[in-house]
Each structure stands twice: as structure tokens, then as C-alpha cells.
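This briefing sets out the architecture and the ligand surroundings of the model shown here. Please read it alongside the sequence and the coordinates.

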Amino acid sequence: MIELRSVCKSYPRGETTVAALEDVSLSVRPGEMAALVGPSGCGKSTCLNLIAGADRPESGKIVVFERDLAAMNEHEIVQYRRREVGVVFQAFHLMPHLTVRENVALPQAIAGERDLAWVDSLIESVGLTHRAGHYPSELSGGEQQRTAVARALAMRPRLIVADEPTGNLDSRSGAAVLDLLNDLRREAGATLILATHDPAIAGRADRLIAMKDGRVQDGAHDR
Ligand SMILES: Nc1ncnc2c1ncn2[C@@H]1O[C@H](COP(=O)(O)OP(=O)(O)O)[C@@H](O)[C@H]1O
Ligand SMILES: [Mg+2]
């Protein structure tokens, strides 16, 4: 189970602070695809960053597979981020000077591991074997995002967090990336939590979490 319990998070803005999340509670079951939806600025990215361990809440609990991220020390959080969660961003965030294969292998290199057979099988799963030696600048947007999806799975994470992963893609490439994320999620028995503006993508989720002004809307748990 992945749960946020009464999570609050604010950011400084000028002399004051902006509440990005106010008393957010939500839960996602293992193996589900959950979609966070809502207008720009409603707190989707903040939520995903907290779940991915990239940021800390001010108050509340973030329970991922029975551990409270908010209570972990820095070392534990680093291990969690390196080994247990795979992240996909809207803007791909590939390393420009590394090839597709090197990008996909990067999380293993960072964690001090090496399983190139798995890297190559992921590249094959995302349909990029013929592009494995190419650099990101030589790829289409859809191919870059497929590389990023493969990279997110390099450590065989139980949890995949994707922040508008189709936001920079045309609808056909976007649908292909979502199919891929879902296939890989099912094969691995992983959980997928994504933020999206696209109703077609949100409509495919097992669980819809609607947000507005830093809060989860009523009924979001009951789908
Ligand atoms: N690093 C940051 N510094 C300051 N304000 C931020 C930061 N990240 C997000 N915010 C603010 O928090 C609110 C929620 O933002 P965000 O989580 O990015 O929403 P969404 O992803 O739904 O567009 C917004 O008001 C945004 O301006
Ligand atoms: Mg966002």
C-alpha cells in the first residue's frame, strides 16, 4: 500500500509561503495504476516528489510498502530513491552525452550494480534495440520517453512514479508510452502513480485522484 496521511507541504514565495499540499490523504493499492488529475498548480508534482522521496513533507506520513518515508534518515531515503522507485518526467531528463543503452544502465551504475542483460531486455521491450547506440538528440520525443521508461525500470522498482509522462508527446506516442508503462507494470507487478492532464490517460487508471488547490477532492478514494 502507498499512503499519504494528512500531508502538508508549503514552499517559500517572497516573504510568505504557498501551501502546495494541505492535509492530503490518499491511498493506492499495490499493482494499481493511479492517476493524479487536476489543474496546473494543484499539487500533483509536489505529491509525486514526496512519494518518490525527492522532497520531504512538513507534516503527515508517507507510507510506502509499510515504511514512513518522512521518518527515514538521509541514507535510507537515498537508498529508497536509488533502488525502490523508478521516476519518469515530462521532459524526459536523459543524459545528452550518454547513449540510449548507457542512459538505461545509469541507475545501475549509480547503485553500483550491473545487469546488462536486463538493460538490453528493457531496451527491447521499449522497441529501441536498433537505437541502443544512439544519443538522445538523435531520437524522436516518443523514443526519448521510451528510453526514460526503460531507465525507470533499470532497478526493477516496485513503484513507478511518472509526472505527466505523455505531456510532451503527440497523442499517438503518448498512448504508446502509456501502453508500455502499463505492460511493464503488469509484468513486474509494480504500482504506477502518474500525473496527467490527458482525460484519455486518466480514464485508463484503476484509481483517479482528483486534486484542487492542494487538496484531494471528495470521493477520490472510492473509485
Ligand atoms: N520548488 C517550488 N518552489 C516554490 N513553489 C513551488 C515549488 N514547487 C511547487 N510550488 C508551488 O506549489 C503549488 C503546487 O505546484 P505543483 O505541485 O507543481 O502543481 P502541479 O504539478 O499540479 O502543476 C503551486 O502553487 C506551485 O507554484
Ligand atoms: Mg506538475
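Predicted model: local features only at pLDDT ≥ 70, side-chain atom pairs only at ≥ 80, totals over all residues.

Residues are numbered from 1 along each chain as its sequence is written, and chains are lettered from A and ligands numbered from 1 in the order in which they are written. Helices (H or I, at least four residues) and strands (E, at least two) are DSSP runs, numbered from the N terminus.

**The six-stranded sheet**

- Strands of a sheet pair through backbone hydrogen bonds, in either a parallel or an antiparallel sense.
- Six strands form an open sheet with mixed pairing, in the order β6-β7-β8-β3-β9-β10; two strands count as paired if DSSP finds at least two bridges between them.
- At the edges of this sheet are β6 and β10 (215–216), each of which pairs on one side only.
- β6 and β7 run parallel and share five bridges, and the bridge partner of V88 in β7 is A162.
- Strand β3 (residues 33–37) has five of its five residues buried, where buried means that 20 or more other C-beta atoms lie within 10 Å of the residue's own, exposed means 12 or fewer, and partly exposed lies in between, with C-beta atoms placed from the backbone.
- M33, A35 and V37 point one way from β3, while A34 and L36 point the other way.
- β3 pairs in parallel with β8 through four bridges, with L192 in β8 as the bridge partner of M33.
- β3 also pairs in parallel with strand β9 (residues 207–212), over four bridges; here L36 stands opposite I209.

**The four-stranded sheet**

- A further open sheet has the order β2-β1-β4-β5 and antiparallel pairing.
- Its edge strands are β2 and β5, each pairing on one side only.
- β1 and β2 run antiparallel and are joined by nine bridges, with Y11 opposite V18 in β2.
- β1 pairs antiparallel with strand β4 (residues 59–64) over five bridges, and C8 faces S59 in β4.
- β4 and strand β5 (residues 67–68) are antiparallel and joined by two bridges, with V63 opposite D68 in β5.
- The hairpin of β4 and β5 has two residues between the strands, and F65 takes a positive phi near 50° there.

**Helix α6**

- The 18 residues of helix α6 (residues 171–188) should span 26 Å at 1.5 Å a residue, and the end C-alpha atoms are 25 Å apart, which agrees; the expected span is 1.5 Å times one less than the number of residues.
- G174, V177, L178, L181 and L184 are the buried residues listed for α6.
- Seen down the axis of α6, the buried residues fall within an arc of 130°, so they line one face of the helix; the arc is that of the directions from the helix axis to the C-beta atoms.
- The face of α6 turned away from the buried side carries the exposed residues S171, R172, D179, D183, R186 and E187.
- The buried residues of α6 pack against α4 (116–125), α5 (141–152), β7 (159–163), β8 (191–195) and α7 (199–202); contact requires C-beta atoms, placed from the backbone, to lie within 7 Å.

**P96 and its loop**

- P96 lies in the loop between β6 (85–89) and α3 (100–111).
- P96 counts as exposed because it has 8 C-beta neighbours inside 10 Å.
- Not counting residues up to four places away in sequence, P96 touches Y135, P136 and S137.
- P96 and G189 are 93 residues apart along the chain, and their C-alpha atoms are separated by 31 Å.

**The shell around ligand 1**

- The residues around ligand 1 are Y11, R13, V18, A20, G38, S40, G41, C42, G43, K44, S45 and T46; a residue is near a molecule if its C-beta atom, placed from the backbone, lies within 6 Å of it.
- β1 (2–13), β2 (16–28) and α1 (44–51) each supply at least two residues of this shell, and α1 gives the most, with three.
- The shell divides into four nonpolar, six polar and two charged residues; Ala, Val, Leu, Ile, Met, Phe, Trp, Tyr, Cys and Pro count as nonpolar, Asp, Glu, Lys and Arg as charged, and the others, Gly among them, as polar.

Methods. Contact = placed C-beta atoms within 7 Å.
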